[in-house]
Amino acid sequence: MDSEAVLLLETVHFAAEKHRNQRRKDPEGTPYINHPIGVARILSNEGGVTDIEVLQAALLHDTVEDTDTTSEELEAKFGPIVTHIVQEVTDDKRLPKQERKRLQVEHAPHCSQQAKLVKLADKLYNLRDLNACVPVGWSAERVQEYFVWAAEVVKGLKGTNLALEEKLEKLFKQRGLKL
Ligand SMILES: Nc1nc2c(ncn2[C@@H]2O[C@H](COP(=O)(O)OP(=O)(O)O)[C@@H](OP(=O)(O)OP(=O)(O)O)[C@H]2O)c(=O)[nH]1
Ligand SMILES: [Mn+2]
């Protein structure tokens, strides 16, 4: 087996252990790990991305934000490039939600190309998820607000991956939003 396949298995294993007790917000409580795996798969399958560090960062992208994982831990295990991409897509959960959301819109255009790819796939996964089923406690208005905010973030990511951007644009159009 080639070394990149070994590396991806090591990475997905690490993410699965870190997210092992987390569930998505859907009524069925889908295992959280389905999301990072799905984001990495969107990149390879639909985005044509072969950069192993981007695929690894996609698998790890919510570990620092949502689990006890530290950047130091990622750096020791996966190296500085993967760690930097994860840091770029990590929200500071100590900030109020409104501020975190505003900072994503502000920071998106300044991210590296690698981080922009992960952000595009993360948004595409979450928007498809919202179309498939509404998280527990979310009103139709809250779902629409997420689309409106996501469109503002994605505007700052344009010119990164045409295939992913076209798919996002279609989802926004269905909600009456333009990129
Ligand atoms: N659509 C959907 N999202 C769910 C579900 N379960 C968990 N999530 C996560 O919830 C986040 C969106 O919910 P919000 O209320 O807007 O944000 P918050 O969790 O950061 O407070 C996303 O985080 P994120 O991946 O960090 O992305 P982002 O929203 O910060 O871009 C998404 O992955 C689900 O069942 N459906
Ligand atoms: Mn995510």
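Predicted model: local features only at pLDDT ≥ 70, side-chain atom pairs only at ≥ 80, totals over all residues.
His-35 belongs to helix H2, which covers residues 34-46, while Asp-62 sits in the loop between helix H3 (52-60) and helix H4 (63-66), so the pair ties together parts that are 27 residues apart in sequence. Both His-35 and Asp-62 are buried.

Salt bridges were examined next. The structure contains twelve salt bridges. One of these joins the side chains of Glu-17 and Arg-20, with an N to O distance of 2.8 Å. Glu-17 has a relative accessibility of 40% and therefore counts as partly exposed. Another salt bridge is formed by the side chains of Lys-18 and Asp-68, at 2.9 Å from N to O. Because Lys-18 is in helix H1 and Asp-68 is in the loop between H4 and helix H5 (71-78), this pair ties together parts that are 50 residues apart in sequence. With a relative accessibility of 61%, Asp-68 counts as exposed.

A further salt bridge links Lys-93 with Asp-66, whose closest N and O atoms are 2.9 Å apart. Lys-93 is located in the loop between helix H6 (80-88) and helix H7 (97-107), and Asp-66 in helix H4, so the pair ties together parts that are 27 residues apart in sequence. Lys-93 counts as partly exposed at 44% relative accessibility, and Asp-66 also counts as partly exposed, at 22%. Lys-18, Asp-68 and Glu-73 are joined into one network by salt bridges that share partners.

Lys-158, Lys-170, Lys-173 and Lys-178 form a positive surface patch. Within this group, Lys-170 lies in helix H10, which spans residues 162-174. Lys-170 has a relative accessibility of 59% and so counts as exposed. A nonpolar surface patch is made by Met-1, Val-6 and Leu-9, and its area is about 340 Å². Val-6 is part of helix H1, which covers residues 3-18. The relative accessible area of Val-6 is 41%, so this residue is partly exposed.

Thr-11 is buried, its relative accessible area being 0%. Between Thr-11 and Glu-75 there are 12 Å from C-alpha to C-alpha, and the two residues are 64 residues apart along the chain. Val-118 lies in helix H8, made up of residues 113-132. The relative accessible area of Val-118 is 1%, and the residue is therefore buried. Gln-56 is 62 residues from Val-118 in sequence, and the C-alpha atoms of the two are 9.9 Å apart in space.

Two residues of the loop between H4 and H5 were considered in the same way. Asp-68, which takes part in the salt bridge with Lys-18, is placed in this loop. The C-alpha atom of Asp-68 is separated by 9.6 Å from that of His-19, and the two residues are 49 residues apart along the chain. Thr-70 is likewise found in the loop between H4 and H5. At 34% relative accessibility, Thr-70 is classed as partly exposed. Thr-70 and Arg-175 are 105 residues apart along the chain, and their C-alpha atoms are separated by 37 Å.

Key
Residues numbered from 1 in each chain as written. Chains lettered and ligands numbered in written order. Heavy atoms only, no water. Helix = DSSP H or I, 4+ residues; strand = E, 2+ residues; numbered from the N terminus. Buried < 20%, exposed > 50% of the residue type's maximum accessible area, 1.4 Å probe, protein only. Patch = residues over 30% accessible without salt bridge, like charges linked within 9 Å, V, L, I, M, F, W, Y side chains within 5 Å. Areas by Shrake-Rupley, 256 points an atom, 1.4 Å probe, with all protein chains shown as cover. Salt bridge = Lys/Arg side-chain N within 4 Å of Asp/Glu carboxyl O. Lys, Arg positive; Asp, Glu negative; His and termini not counted. Charge placed at Lys NZ, Arg CZ, Asp CG, Glu CD.
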